[in-house]
Amino acid sequence: MKEISVNALAVEIAGIRMKNPVMTASGTFGYGLEFKPYTRLDAIGAVIVKGLSLRPRPGNPGPRIVETPCGMLNAIGLQNVGVDCFINEKLPLLKDVKTPVIANIFGETVSDYAEVAKRLDSAQGVAGLEVNISCPNVKAGGMVFGTDPASAYKVVSAVRASTRLPVITKLSPNVTDIRVMVRAVEDAGTDAISLINTITGMVIDTERRRPAIANRIGGLSGPAIRPIAVRMVWEAASVAKTPLIGIGGITTGTDAMEFILAGATAVQVGTASFIDPDAAVKVAEGINEYVTRHKTSVAALVGAVGR
Amino acid sequence: MENLDAGIIYNKEVGPGYFLLGLDWRPLAFKPGQFVMLRVSDGLDPLLRRPFGIYRVMSGGNGVELLYQVVGKGTRILSLKRPGERLGVLGPLGNGFTMPPKGARVVMVAGGMGIVPLYPFAHEVRGAVLLYGTRDAAQASVAGDFKELGCPVRHATEDGSLGVKGYVTELLKEELTRDAVVYACGPAPMLKAVAAMAAGSGTQCYVSLERSMACGIGVCLGCAVKGGAHADAENKLYKMVCSDGPVFESKEIDWEAF
Ligand SMILES: Cc1cc2nc3c(=O)[nH]c(=O)nc-3n(C[C@H](O)[C@H](O)[C@H](O)COP(=O)(O)OP(=O)(O)OC[C@H]3O[C@@H](n4cnc5c(N)ncnc54)[C@H](O)[C@@H]3O)c2cc1C
Ligand SMILES: Cc1cc2nc3c(=O)[nH]c(=O)nc-3n(C[C@H](O)[C@H](O)[C@H](O)COP(=O)(O)O)c2cc1C
Ligand code: FES
């Protein structure tokens with residue numbers, strides 16, 4: 001890429017400086033290393049790893065995934081190696097990568113979230129935390145933290161108090177008014193907001209007369225959800241004081257530009273990395289092509305669609 | 001491991017709904033039992049790649065052949081592709097078969113399209129016997145390729161049109177000696193039955209499994225199967241068919257949950 005384009009692509013989110021606005025979405029990029037044979041990790045804006053919990057989690061029984069029109073439904077069950085294994089075994093292997101690494105975290109209780117955040121705070125090589133609040137709150141009978149403003153506030157406040165790292169809060173789309181959630185997590189001290197996580201959905205296998213995945217319901221992702229995600233970013237931008245990161249169905253630079261024009265400072269590429277492990281880099285190249293052709297920069301276009 | 005576009009040299013029907021796909025891609029190396037993820041459409045629907053075993057190196061060595069059956073949307077689209085068109089190929093992926101110990105009597109058990117990964121295996125382990133279960137004689141035409149390798153082939157067909165009438169496990173009963181090592185690939189009920197028989201006779205048994213896949217490289221965690229009694233740490237309870245497999249020793253799998 002030409003010098004001028006490099007500057008035209010650079011963005012900063014909560015002190016995390018990125019060479020371009022493309023991040024990898026949590027749960028779709030493993031712990032980063034798995035992609036080394038297929039893509040240039042150095043050419044990605046930031047790598048967000050699989051969601052980490054205090055203890056390792058085995059995940060759900062299968063089937064865990066099913067394809068849907070232009071998308072997929074998943075209920076992986078947040079399987080992960082646990083925060084300690086990540087810090088000791090995965091993170092050191094990423095230290096030569098010239099791209100910020102952001103840890104995505106979740107918990108079943110507020111104190112779990114705080115403890116995971118604390119452990120990552122002292123780890124070498126973590127540029128920031130992304131808090132996944134789309135997780136059932138065990139103490140509140142399994143109601144998802146991210147669908148209740150008061151619970152979301154508690155989680156984000158606890159994480160904020162446990163770390164000096166930049167905190168990005170990742171919002172669930174499964175709410176009536178996303179602006180209420182934006183205000184709640186900003187009041188709790190988040191530095192940035194990413195959206196959207198997957199949308200709850202269901203697929204039924206009509207021949208067997210039962211749900212297609214073992215968990216019965218799952219999270220919908222991929223191009224099928226993109227218009228919903230763009231709408232939610234645009235609504236969030238109407239009240240947000242912190243930078244937004246747009247997620248949902250991005251497969252090309254043009255898709256990414258929709259989110260940026262709607263008000264996102266950066267974007268994440270998720271399901272597309274399954275179809276092409278080099279997808280994030282290609283999206284960044286597509287954004288570069290767009291800003292070059294329009295003789296402008298990403299920073300100048302954030303929210304340019306207006307209201 | 002490569003991520004590239006390969007050109008189609010041929011894509012021809014070789015049996016009822018069975019297609020032999022010749023690609024101008026020659027992987028640097030692949031192990032019998034490894035597979036590729038094929039992108040059957042440039043569009044967004046179907047979105048995900050489809051997994052297919054590598055059947056063999058094309059005669060002349062200019063590419064590889066895949067053998068597939070039309071079962072749904074993705075394979076139907078694939079069957080309509082013409083020579084000269086290009087397809088996204090990601091692979092070779094997975095672990096492939098562990099070779100049998102020297103002197104072992106090798107028994108291959110295939111059901112339907114489960115025949116595919118066993119061909120490159122048979123190519124390396126000459127003389128292994130193939131027990132092949134299909135719906136009817138027409139579906140069993142692929143067996144000719146194994147006979148050319150010098151493999152004795154015994155057939156079981158559901159309609160009795162070739163070999164014994166019934167399931168392939170009928171044939172396995174007679175082959176399950178203690179010095180045997182079993183290599184099986186096929187539908188879930190067949191694999192379950194084979195694993196149970198092998199466990200009963202104390203025979204070593206390898207199975208190649210199939211699961212719906214999104215990534216094929218161990219990152220989406222979508223293709224999980226439950227590990228058997230040997231599953232150790234909590235986060236290893238589930239194994240990924242794409243990256244821990246597709247080949248497992250049958251005792252590694254919880255067949256109750258399969
Ligand atoms: C490691 C691996 C290797 C494989 N190798 C071969 C091969 O060499 N040749 C070949 O013909 N097929 C092979 N398969 C199966 C092949 O991937 C599926 O048949 C294919 O993905 C179906 O796609 P579709 O869009 O046509 O069907 P869909 O429309 O997705 O599904 C149609 C029907 O097929 C069933 N189905 C979907 N995926 C699978 C699957 N993975 N296994 C069994 N049933 C399935 C569905 O439940 C449904 O009933 C392999 C699968 C795996 C996991
Ligand atoms: C298989 C799979 C696993 C995911 N795991 C996580 C996770 O661990 N934590 C999280 O915050 N989001 C997770 N997500 C959500 C994605 O990060 C992303 O928000 C969502 O998929 C929408 O983006 P996409 O349409 O580009 O995939 C997962 C998504 C998928 C498809
Ligand atoms: S298909 Fe993604 S982990 Fe196996």
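Ligand 2 sits in a site shared between chains, because residues from chains A and B surround it. Keep in mind that this is a predicted model. The shell around ligand 2 counts 27 residues, and the closest are Ala25(A), Gly27(A), Gly51(A), Ser221(A) and Gly270(A). Sorted by class, that shell has 16 polar, nine nonpolar and two charged residues.

Ligand 1 has its own shell of 21 residues, with Gly53(B), Tyr68(B), Gly72(B), Gly74(B) and Thr75(B) as the closest. Three elements of chain B give two or more residues each to that shell: strand E4 (50-53), strand E6 (64-69) and helix H1 (73-79). E4(B) gives the most, with four residues. By class, the shell around ligand 1 has eleven nonpolar, six polar and four charged residues.

**Where the chains meet**

Back to the two chains themselves: 28 residues of chain B are in contact with 32 residues of chain A. On the chain B side, strand E14 (residues 224-226) gives the most, with three residues. That side of chain B has 17 nonpolar, five polar and six charged residues.

**The chains in outline**

Here are some overall values for each chain.

| Chain | Helices and strands | C-alpha spans along principal axes | Buried residues |
|---|---|---|---|
| Chain A | ten helices, 18 strands | about 50 × 50 × 40 Å | 58% of 307 residues |
| Chain B | five helices, 16 strands | about 50 × 45 × 35 Å | 48% of 258 residues |

How does the radius of gyration of chain A sit with the globule rule? Chain A comes out at 18 Å, close to the 19 Å that the rule gives for 307 residues, so it is as compact as a globular protein of that length. For chain B, a compact globule of 258 residues would have a radius of gyration near 18 Å, and the 18 Å of chain B agrees with that.

Contacts across the sequence tell another part of the story. In chain A, 71% of the contacts between residues at least 6 apart in sequence join residues at least 24 apart. For chain B, residues 24 or more positions apart account for 59% of the contacts with a separation of 6 or more.

**A helix in chain A**

Helix H6 of chain A covers residues 226-237, and its end C-alpha atoms are 16 Å apart. Why does that fit? At 1.5 Å a residue, its twelve residues should span 16 Å, which agrees.

Several H6(A) residues are buried: Arg226(A), Ala229(A), Val230(A), Met232(A), Val233(A), Trp234(A), Ala236(A) and Ala237(A). An α-helix has 3.6 residues a turn, so residues three or four places apart point the same way. What do the buried residues of H6(A) pack against? Their partners, in chain A, are helix H5 (178-187), strand E12 (192-195), strand E17 (244-247) and helix H7 (253-262).

**The sheet in chain B**

Chain B has an open sheet of seven strands with mixed pairing, in the order E11-E10-E9-E8-E12-E13-E16. Strand E11 (164-165) and strand E16 (247-249) of chain B are the edge strands, each pairing on one side only. Strands of a sheet pair through backbone hydrogen bonds, either parallel or antiparallel.

Take strand E12 of chain B, residues 180-185, as a way into this sheet. Is E12(B) largely enclosed or open? Five of its six residues are buried, so E12(B) is largely enclosed by the rest of the structure. E12(B) pairs in the parallel sense with strand E8 (residues 105-111) of chain B over six bridges.

Gly133(B) has Ala156(B) in E10(B) as its bridge partner.

Conventions. Residues numbered from 1 in each chain as written. Chains lettered and ligands numbered in written order. Predicted model: local features only at pLDDT ≥ 70, side-chain atom pairs only at ≥ 80, totals over all residues. Contact = placed C-beta atoms within 7 Å. Nonpolar A, V, L, I, M, F, W, Y, C, P; charged D, E, K, R; others polar. Rg over C-alpha atoms; globule rule 2.2 N^0.38 Å. Buried ≥ 20, exposed ≤ 12 C-beta atoms within 10 Å, placed from the backbone. Expected span 1.5 Å × (residues − 1). Near = placed C-beta within 6 Å. Pairing = 2+ DSSP bridges.
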